[in-house]
Amino acid sequence: MSTLEKFRAISPAEFFYRNKEIAGFANPARALYQSVRELLENALDATDAHGILPDIEVSIDRDANRPMVYRITVKDNGIGIPEKYIPEAFGRVLFSSKYVLRQTRGLFGLGAKMIVLYGQITVGEPAEIISATIGSKKIYSYRISIDVKENRPIILQRSVWLNTAGWHGTIVKISVEGDWSRAKQKILDYVKRTAIVTPYTNLVFRTPDGEIYAYPRAIDRLPPPPRETKPHPHGVDIEMLKAMISETKEQTLLDFIANEFQGVGRVIATRFLQSYGFNLEKNPKELSKEELEVLAKALKDFNEFRKPRAEYLSPIGADLIKIGLSSILKPEFVDAITMKPVVYEGHAVVVEVGIAYGGAIESLEEPQLLRFANKIPLLYDEKSDVSWKVISENIDWSYYDIVFPAPIAILTHICGTKIPYKGVGKESVAEVPVIERGIEEGVRYVARSLKLYLARKQREEEYMKRAITIIKYIPEVASALAVFLRSNPEPVNPRVIEDRLFELVKKRYGEHIKEISSPRDIILSIE
Amino acid sequence: MDEGKRLSSSVDVKARHLAAERIRESFEKICKAILVGEEPKLIIPKRTLANTVYNSEKGILILGSATFERSFIDAKESRKFMQTMLMARIIYEALINNEYPTIRDLFYRGKHSIRYRDHKGRTGEENTWDEQKESDSVLRDIEVYVNLLREEMLILSKEKGKVVGDMRIRSGDDIIDLSKMGHGAYSIEPTPDLIEFIDVNAEFVLVVEKDAVFQQLHRAGFWRKYRALLITSAGQPDRATRRFVRRLNEELNLPVYILTDADPYGWYIYSVFKIGSITLSYESERLATPKAKFLGVSMTDIFGDKERGKKSYLSESERRNFIIKAKKTDIKRAQELLNYEWFKTEGWRKEINIFMEKQSKLEIEALTGKGLYFLTDTYIPMKIEAKDFIE
């Protein structure tokens, strides 16, 4: 099945190598936030990345007996996990599609595994996973814990039900130690911001206090899912190169370079290998340590490879950003833009920027910033993020006629197979010049658009104001003038004069006063 | 109303009818334009200094030919337009209801508040006018628009001017003998055009700025002895006094002499009588008395005039005691007067130059300080006899 993910086991050492930056379980509040986040991201990856309009329910229940124990339940309608992979996916370190790259929210399986581990350490209860793949006749349920030493799942219970309703998707229930009162605001923000960039999702969130936050689907259209792509030579380091060589089935260096990388054809691969003095026919598995080092460096240095391609990425798209901002923030104005792809260390990166203004948005002393990376909301370390730098330092808002306090929100989304995060928390993006420039240009574009809108609105208001200035005097003028008319042959009703005067105002201001159908619409009383 | 009509004088009734009809016709035009879908607008002569012209031939200030347009469909003008219609209606209704409103009455009658929803959906509240300044301003617009003075529209103002003399007039339906006012005087009514002159026995009109001096001259029998009509404006003249003086001059051919303090303020009072005021230049045609003469007190009365061999009426010591040092505002006012076309005559240049040089002024009362009968029997008769006045 093409939609199936490819799962493979890796060693714990490799697990830490690839995931050393992942922290996020520092304290109970952060751990609860992190758990919800990982499970929600997995649920989305199991749906929208596979062309399914997501229906996702997230709930957190407080344990009746034990303080600081919460059970998190996340239910999705995604592709499900094949039965034989369920224990592995939650009880052993797994990840998908090892040497192919794909834009994903998290690293699939890894987050869930961390939560299972964390729950096991702090609460000691097994995780419960219920899943059915598309078309599966059965639904499988597992209760799993992890043999930490052996990095092996322990299956405590397995049940199978008939899938009579044709359901597919995954339900995960894990109990963890957490601190809802401290995590609440971040989790609510996280869910809301997720809803903004996935307006095609039906998202329901139930808190331990029983509050329901429902974000109904605003549109039935998904962005094109991300596709797998081979690594670009500029984005490969020596460890990755070694791993690729150990996996490859190609027999010669030429075939390996030409077939396992993107941006390289046989002609360029030949020229590349020759110019660095490699034997085209050599089996890559026979390269010496020194040769490997030379090759790794050469792959980065050679500048005749084609540029990394962005069509494998899945930007949200300007339309969806606008719909998301509109439906969640309820502003009076939105705009968004998807910028042309740029290249960062051999990876294509696409920057998107959205703006929302007025309406239900609160007026603040600075723009509200909604940051996203690969569709994940970034909530922490805002002030050290490149997006913050752009909107607070690079942009002079007064140029766009924005005077703070102002009701304005800026959305930035960076998507790519590699995001230049700052620090291990992966909560802020570094000030990489190409990305900073992309964000700045994007912000300038949407800010210009807002400026135009505000100017137009002000003009409209000015016309409306002028029209009302006149209209409010109509009854007074009409009743005065009626006095001068000889009742000849019949007395003229002042209302007739009012109507005529209003017609004259409409003739001049018609398009700006569509909502007003008579002077009495705006006159409340004359005393 | 019927009783009101019955009790009011016949001249009133006639004036009322004329004014009401004029107003009605002028504003009915606007209403008819609206009914056929035309933009309602008023074309009104401008009442600005720039549109105030000194007509040297007539010797008065008149309104120039510049006009402005007040369109209702112009947001900048719509409020004024509304106020103008409102004012016209109030005046018209007062006329046909036999009323005599004052300008304060007009202000109150028209003042109401309009509550409305503004362009942002908020409730706004606005008064048709907030201050009498606003209603007074549109009243002036209506005067020039329909070409009727407020007196002709039977709008009353406070009586200020007084007159005594050997003369009979009809005011309303009564005949009043201005020589039988006792120690008092006849208050010139706000509608002097409704006064009918019956007979007069006088050779000239003397207007004095100061009420106190007027009373002194009256009790000293000045008007009887010198066959004068004695008038005071009690300061800056009101419209009724100016119109009354004008009629005496125009209809009875009586020369008019004006006696004020010797200072720029007194000079300006004289010029208002003679040629009109800048703010109300549209009324000059009817209110100004171009032939009025400035009798005094002049600078040459105080300091003499060597060129003409004229001696001062004051001795050295009297002058020292009576004159007052001019204030800065007096000097400034005098400089302004020099710029006015109608003060650019030889007589006035000399007068103002002496003032600027001496920086001194003098009140009429200073002359009575020399003795009341010096004023009544020496100063005034001598000045008139010698034609020692400025025109």
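A pocket here is an open set of grid points with protein on both sides within 12 Å along at least five of seven lines, and its lining residues are those with an atom within 4 Å of a point. With that in hand, let's look at this model, which is a predicted one.

**The pocket between the domains**

Start with how chain B is divided: its domain assignment gives domain 1 (2–153) and domain 2 (162–385). Their centres, taken over C-alpha atoms, are 34 Å apart. Where the two meet, 23 residues of domain 1 of chain B are in contact with 24 residues of domain 2 of chain B.

So where does the second largest pocket sit relative to domain 1 and domain 2 of chain B? Both domains give residues to its lining, so the pocket lies between them. Its volume is about 360 Å³. There are 19 residues in the lining, and B:Q236, B:P237, B:D238, B:R239 and B:L280 are the ones that lie nearest the centre. Sorted by class, the lining comes out as 8 nonpolar, 4 polar and 7 charged residues.

Which helix gives the most to this lining? That would be α8(B), with 3 residues. Both α8 (239–252) and α9 (264–275) of chain B supply at least two residues each.

One open sheet in chain B has 3 strands in the order β9-β8-β11, and its pairing is antiparallel. β9 (174–177) and β11 (196–200) of chain B are at the edges with a single partner strand each, so one side of each has no neighbour in the sheet. From one strand to the next, the twist averages 20°.

Strand β8 (residues 167–171) of chain B is joined to β11(B) by 4 bridges in the antiparallel sense. Within that pair, B:I169 stands opposite B:F197 of β11(B). Packed on this sheet is α8(B), which touches β8 and β11 of chain B, and its direction makes about 60° with that of β11(B).

Another open sheet in chain B has 6 strands, ordered β10-β7-β13-β12-β14-β15, with mixed pairing. Its edge strands are β10 (186–187) and β15 (293–296) of chain B, and each pairs on one side only. At the β10 end, strand β7 (residues 162–164) of chain B runs antiparallel to β10(B), and 2 bridges join them. Here B:V163 is the residue opposite B:Y186 in β10(B).

As for the other helix, α9(B) lies across β12 (204–208), β14 (256–259) and β15 of chain B, and runs at about 150° to β15(B).

In chain A, the peptide bond from A:F404 to A:P405 is cis, and its omega is near 5°. A:P405 belongs to the loop between α11 (386–394) and β16 (408–416) of chain A.

Over in chain B, B:N98 has a positive phi of about 65°, although it is not a glycine. You'll find B:N98 in the loop between α3 (78–96) and α4 (103–110) of chain B.

Conventions
Residues numbered from 1 in each chain as written. Chains lettered and ligands numbered in written order. Predicted model: local features only at pLDDT ≥ 70, side-chain atom pairs only at ≥ 80, totals over all residues. Heavy atoms only, no water. 1 Å grid on protein atoms, 1.4 Å probe; cavity = no way out; pocket = protein on both sides within 12 Å on 5 of 7 lines; lining within 4 Å. Points joined across faces, edges and corners; volume = space filled by probe spheres on them. Nonpolar A, V, L, I, M, F, W, Y, C, P; charged D, E, K, R; others polar. Domains from an automatic or database assignment. Pairing = 2+ DSSP bridges. Axes fitted to C-alpha atoms, helices over the stretch in contact; angles between N-to-C directions. Contact = heavy atoms within 4.5 Å.
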